[in-house]
Amino acid sequence: MIEARDLTVERGGRTILEGYNLRLDKGRTLAILGANGVGKTTLISVLTGLIQPRSGRLMVHGQVGFVPQLFEVSFAYSALDIALMGRARHLGLFGAPGRRDYEIVRHFLSMLGIEALETQAFNALSGGQRQLVMIAQALASECDLLVLDEPCAALDYKNQDKVLELLHRLQVERGMTIVFSTHMPQHAVEIATDVLLMTSGSRYVCGPTEQALDANNLSELYDLPIARADFSGTKKHTYAPLFRHRGEKTDA
Ligand SMILES: Nc1ncnc2c1ncn2[C@@H]1O[C@H](COP(=O)(O)OP(=O)(O)OP(=O)(O)O)[C@@H](O)[C@H]1O
């Protein structure tokens, strides 16, 4: 469970977030949306304890697993080594991972379809492959609250689908609480029970997805016309932007 009251956060001497009040109950999934630079990563850094708020109160219950936006390592770790780091808090001091740790990590590598990468050097993987390994690491930590900063940003559609499916299963089957930021409203439609739409450092809307997310407030959020599109024959819908680009496409 997360509860934030009147949070104000500064970075580099500048107020980035002001007067944020949030509550997310156990087992809910929150999607954070907003323009570049509005403060999504800043909020995530506060929730994961990486930066301290200047004022206000924050309560986060349970163990937190975190998937950062960009990740590089200094040593020649393999993908398996990196994913195994998720088991760290389950090992004793100087403890080496045991059979169960390997089983858990390989289970998640396999669920994410990246078991074949386990011996490859992490730094030599593509951005999307690294993102999947970092997701496996966080899942292997068996945390109560999983926080992901743009987890699908580098992923193709098929891998986005895989990650969304996995997050949804973790929420439904294990009652995990999940917070993720995204630039894709469709990801919120697919798996988020709640959304936080950040308009500015002090203006935001937070509420259940069906009530708080619609074409009007998305258009306002991104200052671009955004329309709802329903997929015929299903109960599914998505949101699509009407880009303002006016040039005529010509045949070469
Ligand atoms: N380490 C830092 N020191 C000073 N200011 C920072 C730092 N990191 C971020 N900022 C500033 O904080 C503001 C919010 O940045 P943040 O990374 O939280 O935005 P974001 O919503 O996650 O953006 P994006 O969608 O581009 O990832 C920006 O104006 C940024 O310049």
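## Burial and the model

A residue is called buried here if 20 or more other C-beta atoms lie within 10 Å of its own, exposed if 12 or fewer do, and partly exposed in between, with C-beta atoms placed from the backbone. The structure is a predicted model, in which local features need pLDDT of at least 70 and side-chain atom pairs count only at pLDDT 80 or more, while totals for chains, interfaces and linings use all residues. Residues are numbered from 1 along each chain as its sequence is written.

Helices (H or I, at least four residues) and strands (E, at least two) are DSSP runs, numbered from the N terminus. In helix α4, eleven of the 14 residues are buried, namely Arg130, Gln131, Leu132, Val133, Met134, Ile135, Ala136, Gln137, Ala138, Leu139 and Ala140. These buried residues pack against β5 (64-67), α2 (79-84), α3 (99-111), β6 (145-148) and α5 (157-174), where contact requires C-beta atoms, placed from the backbone, within 7 Å. The end C-alpha atoms of α4 (residues 127-140) are 20 Å apart, which agrees with the 20 Å that its 14 residues should span at 1.5 Å a residue, the expected span being 1.5 Å times one less than the number of residues. Just after α4, Glu142 takes a positive phi of about 50 degrees.

A nonpolar core is a set of buried Ala, Val, Leu, Ile, Met, Phe, Trp, Tyr and Cys residues joined through C-beta atoms within 7 Å. The largest such core has 66 residues, and those with the most contacts inside it are Ala83, Val105, Phe108, Val133, Ile135 and Ala136. The largest share of this core, eight residues, comes from α4. Leaving aside residues up to four places away in sequence, Ala83 touches Val105, Phe108, Leu109, Val133, Ala136, Gln137 and Ala140.

## Ligand shell and helix α1

The ligand is surrounded by Arg11, Gly12, Ile16, Gly34, Asn36, Gly37, Val38, Gly39, Lys40, Thr41 and Thr42, each with its C-beta atom, placed from the backbone, within 6 Å of the ligand. Helix α1 (residues 40-47) gives the largest share of this shell, three residues. Seven of the eight residues of α1 are buried, among them Lys40 and Thr42. Just after α1, Gly49 takes a positive phi of about 80 degrees.

## Val205 in strand β9

Val205 lies in strand β9 (residues 204-208) and counts as partly exposed because it has 16 C-beta neighbours inside 10 Å. Not counting residues up to four places away in sequence, Val205 touches Leu197, Ala212 and Asn217. Val205 and Asn217, twelve residues apart in sequence, are 9.1 Å apart in space, C-alpha to C-alpha.

Technical notes:
Two residues are in contact if their C-beta atoms, placed from the backbone, lie within 7 Å.
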